[in-house]
Amino acid sequence: MIYISIDDFTETQMRKNLSLFILMLCFGCISALAQISWSFNVKDDKTDHPALEITATIAPGYHLYAMDNTNGGMPLEFFFSFKGAKADGPVTADKKYTTEYNDIFETDEHFYTGKVTFTQKLTPVQEKFNVSLEIKGQVCDDKGCMQVNDSHKFSGTALINNTQKDDTAAEVVNDSDAETANTLLPDSLSLTGTDAPATASNEVTSGTWWDNVEAEMAAFENEPEQQERSLWYIFIAGFIGGLIALVTPCVWPLIPMTVSFFLKQNKSKRKAVTSAITYGISIIVIYVALGLLVTILFGASALNELATSAGFNIAFFILLVIFAISFMGGFELTLPASWSNKIDSKVDSTTGYLSIFFMAFTLALVSFSCTGPIIGTLLVEAAATSNFISPAVGMFGFALALALPFSLFAIFPTMLKSLPRSGGWMNTVKVVLGFLELALSLKFLSVADLAYGWRILDREVFVALWIVIFALLGIYLLGKITFPHDDKVEKVGITRFMLATISLAFAVYMLPGLWGAPLKSISAFTPPITTQDFNLYEGSVHAQVNDFEEGMKLAEKLDKPVLLDFSGFGCVNCRKMEAAVWTDPAVKSKIDNEFVLVTLMVDDKNPLPEPIKITEKDGKERTLRTYGDKWSYLERTKFGANAQPYHVIVDKNAKPLSPAFVYKEDVPGYLNFLNTGTKNFKNQDR
């Protein structure tokens, strides 16, 4: 027998700090606002040598990584956009950074503490100048790191002489043109302590490939259907999550206790049923309010960006690993006792429906250690849909499943006798959830790995880890491995044996994936087949080009239509379609032989050669810094869409040839989509 214990994690202070950290991560409420504050000033205004001062005040115990911190933490970056002035040299700091060796990254890290002022000197080219600034960076303490995002606009008046005016006349004209031009991707200055201009390519600024084609697509759009399907998916995922939460040790024992309380407190059955239904509705209100709060705080687009960021995904990977260790009995995660005590006092001091509401709130708090990872995972899944109400819909499904038993057993109290009693089986459920959380955590690490091109978790590595996890799960269910709080397994029951068989069979099923087998049942979780170094499988489809402009050039050269595939490294449905539809022999043959396949990853974090400033439809200015930013902008502005996967066939002028195809595992439908595109391409007057 193997006995695993991690008792070192059980210190009270560590539990409290860790619980609060996890709660903030799950609810998506981490920010760097309390750890660093910024102040801005125009120094030597109304002179011929103005300068911008950016002062960071860093909270005690925290540090801000310096601009040249190339290893370890994220370096500090300043992005400037100038009008009427230009940068005079790089950004400088008023003090030397601290250098300290980091054992984890095995490198020296450069960072600032306390207060530091950064100065950007300017050379004015007009009497009035305006400068826009965006700040990116990372502030950390011993417990974790948070991204820094801030912006500011400066304006001032400078003294300039005739020589300066003559020397910079051309620059002033160009600057004015950039301000008034209405091109799709105008020129911009987007700097990191330098004054190198960033100019979009000729194909983007002057060509017709980026022209909006929403009018042509209007007759074909089926985005509402896709949106409805996404909401149903999130609701069902939430409902399943709620059912799983029901059988955890944090919730299951409370069902008979709570229902019995309502039945004994109220003399009439009708009143008891009303109280139980109110209790269930209160649970739904609390969790839906949580989903709405997340949406209000961040918005759907911000949630989607957050869900594909490396910092968030790595943090959630660590979070789920911590939960897995907790579920396996390493330590107990609990919220501070003062929280539940305060809610309990509210229950005692109030009456009627308000008292029942506080009882429901108490359930939400005391069950956090079991429901937290389920809720957090659900919110991340909802964030990836880019739908404004997805978090609330997911929380509604979760809360509905959680609330139903309390109301049903109050209506039919005799059913309580049929409930299995709490016991050792509930700890087994927690341990099984721990294994599943461990497997799921790799998905979040994979998203960050793919988005930034680190290549530390390629497909074969991911599959190998899943094989080990599910094989160990099967061995555990057979009683060959025990964890703290487990009862000794004298005999293996039929249920445990069947579950162990399924887990071990699943591990065996994944073995061919090490050599490139598609593994369609888990394609939504694994990295794309293109990341596999050793691949004997020849049935997968690969993009010929991963760049829009290059794809259009190739299509003109080969005289073929273009199949645009707007995808994402963290897109679950994209992987499903690739495994379920593209691997069909007829579909693969048609794509390989009759199209130029261009895959554009909207969450690709690799930086553009030069940042590009654009103006959105709502008039807001934005800087595109990564390829993912560029492709996401292309999808929004050209096709008026924001879903992934989003497939559309265009001709050599980037005009649509067929209706768009969104997520649907429908091989005949996809073949019809491809045939429509090729037919219309051949019928064009070329």
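**Close-up 1. Salt bridge between Asp 559 and Lys 652.** In this predicted model, Asp 559 and Lys 652 form a salt bridge whose closest N and O atoms are 3.1 Å apart. Asp 559 lies in the loop between helix H18 (548–558) and S14, and Lys 652 in the loop between strand S18 (646–650) and S19, so the pair ties together parts that are 93 residues apart in sequence. Asp 559 is partly exposed, with a relative accessible area of 37%; Lys 652 is also partly exposed, at 24%.

**Close-up 2. Contacts of Glu 134 with Arg 625 and Thr 623****.** Glu 134 forms a salt bridge with Arg 625, with 3.2 Å between the closest N and O atoms. Because Arg 625 belongs to strand S17 and Glu 134 to strand S11 (residues 128–140), this pair links parts that are 491 residues apart in sequence. The side chain of Glu 134 also makes a polar contact of 3.4 Å with that of Thr 623, a residue of strand S17 (residues 621–626). Arg 625 is buried, at 15% relative accessible area, as is Thr 623, at 10%, whereas Glu 134 is partly exposed, at 25%.

Close-up 3. Asp 592 is partly exposed, at 33% relative accessibility, while Lys 588 is buried, at 19%.

**Close-up 4. Open sheet of four strands****.** The strand order is S15-S14-S18-S19, with mixed pairing. Strands S15 (596–601) and S19 (661–662) are the edges, each pairing on one side only. S14 (residues 562–567) and S15 run parallel and are joined by six bridges; Asp 565 has Thr 599 in S15 as its bridge partner.

Key. Residues are numbered from 1 along each chain as its sequence is written. This is a predicted model: local features need pLDDT of at least 70, side-chain atom pairs count only at pLDDT 80 or more; totals for chains, interfaces and linings use all residues. Side-chain values use heavy atoms; hydrogens and water are left out. Helices (H or I, at least four residues) and strands (E, at least two) are DSSP runs, numbered from the N terminus. Buried means under 20% relative accessible area, exposed over 50%, partly exposed in between (1.4 Å probe, protein chains only). A polar contact is a pair of N or O atoms within 3.5 Å; within protein, one must be able to donate a hydrogen and the other to accept it, and residues adjacent in sequence count only if both atoms are side-chain atoms. Two strands pair if DSSP finds at least two bridges between them. A salt bridge is a side-chain nitrogen of Lys or Arg within 4 Å of a carboxyl oxygen of Asp or Glu.
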